Structures are given as C-alpha cells and as structure tokens.
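Thanks for coming. I will go through one structure, starting with the ligand site and ending with a pair of helices.

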Amino acid sequence: MSNHFGGSWTFQKVRIIEEYAKAYLQIMKEYPYWKLMYFDGFAGTGEFQVKGKMNPSVFDDNTIGLFEGAARTIASIKEPKPFDMCYFVELETQKALLLRASIEKIREGGVYVVEEDCNQKILDLAAFLTGKRGEGGRNYKVLAFIDPFGMNVQWSSIEALRGLGVDMWILAPTGIGANRLLTRNGQIPDSWANKLESFFGVSKDLIYKNLYRETVETDLFGNTTTTLSKNKKALDEISRLYSERLLTVFKHVSNPYEMRNSTNSTMYHLYLASNNTTAVKIANDIVLKYNLKH
Ligand SMILES: C[S@@+](CC[C@H](N)C(=O)[O-])C[C@H]1O[C@@H](n2cnc3c(N)ncnc32)[C@H](O)[C@@H]1O
C-alpha cells in the first residue's frame, strides 16, 4: 500500500521541500545550540504512487511509478546535517504503520510517528515550543510541512504558530477546495460557508468582500436588486487572500508555487511562511525555478 495520487506536481512538491530543507540545515549548522525538528502534518506512508503521465519537463520519459514522499526524503538527509528529530502525523493507522516501518529502515532514533489529527498536533507543537507542554521551549526551531489533500487544515491551528520559530510550507487547496465552494452566484450553502470560514479564518462577509462583486440595479420605479458575481480572477484572489491571511501570523510569506494538473488547471498553491527574511528569499528562488518548469 502506498499513497496513490498526484502527477509530476507531487514529485516537484517533494523536491521543493527537500531543496529548502537542505538550505535550511546548511544555515542551521551555524547555530548548533538550536534543536532542529521536522514536523510533517500529513505524512502519508513515506511513498507515493504517481498516476498518469509525468510532465516531460520533469522526466525524460512518461514514467509512472513509486516515489519517495517528503517524510522519507527528509528523514534520509544526512548532509549538511540531519534534523535532530522528525515528527510525523498521519491520521490513518495503516499508513502510519507503513510509515513507521519505512522510516525505521533509514533512520535510527529521533523519529515520532503519531496517528492523530494534524490540527491537534499543530496546537500541541505550539504548546511544546512555548514550553507549556513536554520538554520543549524556545531553543527549538521547526521546519513544518503541512500537505493536506483537502480543506482539513483549520485556520485556528495555523494561528497557534504566531511568533514561534517555525518555517512552514503549506499546501493550500485553492483550486480543488476553496474555488469549488465559491459558487458563481454567491449562494453558498451554510456547510460550505463554514468550511471556507474555517479555511481562511475570516467571516463569510469578508470572503464575499474579497471574492465577489456586488452589482446594484435600480429599475424604472426605483426598486433595487443586488446581485453577486464571483470575481473573474477568483483563483488569483483566493491565492492573494490566503497569502494575506498567512501574513497575519508570520512576518513573511513566499510567492506561491502553483500546482497544476495535466489539463493545466490550478489545484493548489504552496507557500512558505516564516518570521525570517532569508528563509523567504531562499523559498522564492526555489519557487521561481519550479514555477518556470510548468
Ligand atoms: C497528500 S497526502 C500526504 C503526502 C505526503 N506529504 C508525501 O509527501 O508523500 C495526505 C495524507 O494525510 C493523511 N490525513 C488526512 N487527514 C489527516 C488529518 N486530519 N491529520 C493527519 N493526517 C491526515 C492522509 O491519510 C494522507 O496520507
């Protein structure tokens, strides 16, 4: 059993995280007193199976196969230095079992695999880093990777990371999630609106204000009708809004890497959020390189 998903964008996503992690670890070599943790909130099995054709700019042939996911890739890093600990969260028991077995083969010690909901574990991480829980404290620095399939990351979890030593790569389901819930005419069922509110961490009114246009028409007798229409560039606006939201928690946010499917539709945007300027500069260079591969 492996995780079945993706195409070449999945592969590229892992390359981005790997490239960034190596640059991060290189810099962190100068600060041996910090304990370094890799926190993977949606870790999977350690491997993923790519369905469909791979983008020829990534592979010479139309490879379809089994690849190392972020968890295995990051746990394997030895140079410039390994992470002191890797903390993996995977909700499904079977996948967590596979991941544990897989990681045991490549790394001894400092590995935690927990079968829980990522939102809870982000809150626990925040409590750990502020010294309120476990043996953590401000001497930890964390590289986090939050890689959900859908809209299951709650804004309240992200908010808990404010002011902490966390660099977070987060995959936001802008195209396959938010954009699909934002109906053309603005009539959004309550359950969808609740999802959108929890995803962006803002009220429904603010979502409307950012992503819809209001037109008021007055007829001959002075009666007015108000209609809502979805912004024509809704996807760009969703991505902008998400980036703005991240900037309320972190000091800096990178340009996003746009993950598109084989028909060139945008599915996700991947951002790095950090309180460190250099971190975001490095991320922007990496993102630019991979965006050019589209
Ligand atoms: C996109 S996949 C992760 C891929 C992985 N990052 C990689 O590089 O191979 C998402 C994973 O998150 C798990 N998952 C789904 N909901 C979750 C939750 N609320 N908390 C933690 N894990 C969850 C799924 O079982 C799935 O394995």
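**Ligand shell and a helix pair**

Sorted by class, the residues in the shell around the ligand are nine nonpolar, five polar and six charged. Keep in mind that this is a predicted model.

Which residues come nearest to the ligand? Of the 20 residues around the ligand, those are A70, E90, D117, C118 and D147.

A polar side-chain atom of D117 sits 2.8 Å from a ligand nitrogen atom. With C118 the backbone is involved: one of its N or O atoms is 2.9 Å from a nitrogen atom of the ligand. N152 uses its side chain, where an N or O atom lies 3.3 Å from a nitrogen atom of the ligand.

Now to the helices. Two packed helices are described by the angle between their axes and the distance between the axes. Here the pair is α7, residues 190–200, and α8, residues 204–211. Their axes come within 9 Å and cross at roughly 85°. Angles of 65 to 115 degrees count as roughly perpendicular, so α7 and α8 are roughly perpendicular to each other.

Which residues make the contact? On the α7 side they are D190, A193, L196, E197 and F200. On the α8 side they are K204, I207 and L211. By class, this contact of α7 with α8 has five nonpolar and three charged residues, and no polar ones.

That is the end of my part.

Note on methods:
Residues are numbered from 1 along each chain as its sequence is written. This is a predicted model: local features need pLDDT of at least 70, side-chain atom pairs count only at pLDDT 80 or more; totals for chains, interfaces and linings use all residues. Side-chain values use heavy atoms; hydrogens and water are left out. Axes are lines fitted to C-alpha atoms, for helices over the stretch in contact, and angles run from 0 to 180 degrees between N-to-C directions. Helices (H or I, at least four residues) and strands (E, at least two) are DSSP runs, numbered from the N terminus. Angles under 35 degrees count as roughly parallel, over 145 as roughly antiparallel, 65 to 115 as roughly perpendicular and the rest as oblique. Contact means heavy atoms within 4.5 Å. Ala, Val, Leu, Ile, Met, Phe, Trp, Tyr, Cys and Pro count as nonpolar, Asp, Glu, Lys and Arg as charged, and the others, Gly among them, as polar. A residue is near a molecule or strand if one of its heavy atoms lies within 4 Å of it. A polar contact is a pair of N or O atoms within 3.5 Å; within protein, one must be able to donate a hydrogen and the other to accept it, and residues adjacent in sequence count only if both atoms are side-chain atoms.
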